[in-house]
Amino acid sequence: MFTRIAVPESLTSLAAEQGGVISAQQAQDSGVTRAAIRRLHRNGHWHRIAPGIWSARAEPPWLGLAWAGILQTVDGVLGGRAAGHLHGVCAEPTVIEVWSLVRRSVPDPRWRFRRGLQQGRGSPPRVRLETAVLQMCQEETAEGIVTVLARAVGTRRTTVERLRHATLGAPTLRNRKLVLDILHDVADGIESPLERLYLKTVERAHGLPAAHRQITITEGTRSDVGYPDFGLLVELDGQLWHEGPAAWADMERDNRHQLLSLTTLRFGWHAVLHDPCGVAQQIAEALHSGGWRSGAKRCSRCR
């Protein structure tokens, strides 16, 4: 990684643990002088990627950039999506969030430095999972919050109860009530903004029976919404068009269910968002065909 002549093995090992990145202070603490650092840089062995931060590669990997953000502070801790990625609940963010009591004044699009005391754990240090998830929610719309919370719970790395406890313990959290409301829906099994919209504006608003969610009828399949007592399944397609293997899998699943005398109705964003009453009417008719004896009620939007 680094030239063997001037760099102690202990510093090489430290750099390997930090994604190929070290600070000038770490180098000097290991016995590498400033003159040696300049020589390594001049010879192309080290690359300056931020003030006082050096890398074995001109373009360090994401982990190296995460460490670079931390090393630019005294007490840096990764937060938001950076911490969420390390906890396994989201992809690598392009902007790495770093919390510290002393905020840096030099702007750099690769890092977002935020001032505040956060408890770090792990290597590199990051906030606990529940804290990271709530920080992610602060920058999202209602639809985005649904996705963040459902994905975090879906990974089984946290639970609705743990997230609810963290939310209740954060009285200044922006959109706190909305987060608690969405957590209630996530506990009911919703996994996407479209599923939540269906739950609120179609099912609950019109007094339809409570559905089963993420229901498995035949081996290896899963349906978004199911009313198995009335022979009805509902698929909510968030994409405008399905093609390729996913489309074939959906078709095969629907055909297998049809052979079991199960009706499948499919709705997309446009129908649920702009005509929830019409969707509810179709659902109610299908439920009646399956033996439902009650009736859908009118909501405030019904004509």
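Strands β8 (residues 223-227) and β9 (residues 232-237) run antiparallel and are joined by three bridges. Within this pair, V225 has V234 of β9 as its bridge partner. Strands count as paired if DSSP finds at least two bridges between them. Strands (E, at least two residues) and helices (H or I, at least four) are DSSP runs, numbered from the N terminus.

The model is predicted: local features need pLDDT of at least 70, side-chain atom pairs count only at pLDDT 80 or more, and totals for chains, interfaces and linings use all residues. Residues are numbered from 1 along each chain as its sequence is written, and side-chain values use heavy atoms, without hydrogens and water.

The open sheet has four strands in the order β7-β8-β9-β10, with mixed pairing. Two strands stand at its edges. Each has a single partner strand, so one side of each is left without a neighbour in the sheet.

| Edge strand | Residues |
|---|---|
| β7 | 212-215 |
| β10 | 263-268 |

Helix α13 (residues 276-289) packs on the sheet and touches β8, β9 and β10. Its direction makes about 175 degrees with that of β10. Axes are lines fitted to C-alpha atoms, for helices over the stretch in contact, and angles run from 0 to 180 degrees between N-to-C directions.

Now the single residue. E97 sits in strand β5 (residues 96-100). E97 counts as buried, at 5% relative accessibility; buried means under 20% relative accessible area (1.4 Å probe, protein chains only). A polar atom of the E97 side chain lies 3.5 Å from the backbone nitrogen of G80.

Note on methods:
Buried < 20%, exposed > 50% of the residue type's maximum accessible area, 1.4 Å probe, protein only. Polar contact = N/O pair within 3.5 Å; in protein donor to acceptor, adjacent residues only side chain to side chain. Contact = heavy atoms within 4.5 Å.
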